[in-house]
Amino acid sequence: MMPENSRSPLDGINTSFSFYVEQRKAGESAHMVRGVPDYAFPLDYELRRRMKAIPGFERLCRNVLEMEETRMTQLMNYNALAVGPSQFPEIYEMGRDCARRLGIGIPNIYIVNDEVFNAKTVALDDVSPLIILYRPMVERLTPGELKCIIGHECGHVHNRHSLFVSLIDAVNPLNSSPKNIPALLLSEANRMLMNTWSRAMEVTADRAGMICADSVEDAISCNRKLVYNSLTDRDRTLDLEALRDQVEESMSNPAKMLLYAQTHPASARRIFMDIEFSECELFYRWRPELRKPETAVRTLEETNERCKKLVGLTETSLAQGR
Ligand SMILES: [Zn+2]
């Protein structure tokens, strides 16, 4: 039994289903297109559609995810600190803001005392998703950058990405967990397909992060820190032209096929995709107040074409798209 004066981390949080439905409707009415958020990167939802069409695949993924959600929730309550109005209230507010913006349930955020510079989401649905922030994220990011990360994770929830992500984690050959048995069931080609989807999915989630963030600059500086894991914050210099040269070189390198083994786009490329989205008319439909008078915008279709090159689907020079 809990002592009478003890407080739950959920005290003060509106966890009612009616509140969730209200939020969900607000998000759906304005920005959902046939059940998919309008900012989703086309290859993301196209590959999701194809994976769902494989007989039994979605069920396998759901079973893996159910086990993972149960396991992670237990681990978090055992090892981590739950964010709430009385514990890390500023992070709780960020989660609430992002959820409200996208129209999903308020996430249950936990902070784990681990050295990984990362964050992750495990969510069977978008009612009460689980978001995990590893300690270096909380320590090394500014509040604006951290909000961008939470918005990114909320984007994974909004797009129901967890369903397939858990299987990707399970089939990762580097993962020594006993769950790795499903890896034997997938061919190398399928694994490459899932990695391609994973990179596309990250573009979608980065866009959600930008939609939720307080400024475009927060999203760019957040990805800047991801380039080098923010080992130190002393050097805040980012020369976009130098970085662009680096990205172009990686696109013309004969070993560029190596990227097909990657589950995430390189952080340098993510910076340029953030810039592309900040020049997209759709972004300002979500955040009209962030538009500066001098900002020229492109259509969503043009933006998606330009991002396709950056995510590694068509290896042509960035210069051709300028
Ligand atoms: Zn992500």
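**Close-up views of a predicted model**

**View 1. Helix H13 seen along its length.** In this predicted model, helix H13 covers residues 300-311, twelve residues in number, and from its first C-alpha to its last it reaches 16 Å, which is close to the 16 Å expected at 1.5 Å a residue. Its buried residues are Thr303, Asn304, Arg306, Cys307, Lys309, Leu310 and Val311.

**View 2. The crossing of helices H10 and H11.** The axes of H10 (residues 240-252) and H11 (residues 267-277) come within 10 Å and cross at roughly 115°, and the crossing in which H10 passes H11 is left-handed. From H10 the contact is made by Leu243, Gln246 and Val247, and from H11 by Ala268, Arg269, Ile271 and Phe272; these residues divide into five nonpolar, one polar and one charged.

View 3. The strands follow the order E3-E4-E6-E5 with mixed pairing, and the edge strands, each of which pairs on one side only, are E3 (81-82) and E5 (119-122). E3 pairs with E4 (residues 108-112) in the antiparallel sense over two bridges, and Leu81 has Ile111 of E4 as its bridge partner. Helix H3 (residues 57-79) packs on the sheet, where it touches E4, E5 and E6 (130-134), and its direction makes about 50° with that of E6. Helix H6 (residues 143-158) also packs on the sheet, touching E5 and E6, with its direction at about 25° to that of E5.

**View 4. The protein chain as the setting for these views.** The chain has 14 helices and six strands, and of its 322 residues 38% count as buried. Among contacts with a separation of 6 or more, 71% are accounted for by residues 24 or more positions apart.

Technical notes:
Residues are numbered from 1 along each chain as its sequence is written. This is a predicted model: local features need pLDDT of at least 70, side-chain atom pairs count only at pLDDT 80 or more; totals for chains, interfaces and linings use all residues. Helices (H or I, at least four residues) and strands (E, at least two) are DSSP runs, numbered from the N terminus. A residue is buried if 20 or more other C-beta atoms lie within 10 Å of its own, exposed if 12 or fewer, and partly exposed in between; C-beta atoms are placed from the backbone. Two residues are in contact if their C-beta atoms, placed from the backbone, lie within 7 Å. Axes are lines fitted to C-alpha atoms, for helices over the stretch in contact, and angles run from 0 to 180 degrees between N-to-C directions. A crossing is left-handed if the near helix is turned anticlockwise from the far one by less than a right angle, and right-handed if clockwise. Ala, Val, Leu, Ile, Met, Phe, Trp, Tyr, Cys and Pro count as nonpolar, Asp, Glu, Lys and Arg as charged, and the others, Gly among them, as polar. The expected span of a helix is 1.5 Å times one less than its number of residues. Two strands pair if DSSP finds at least two bridges between them.
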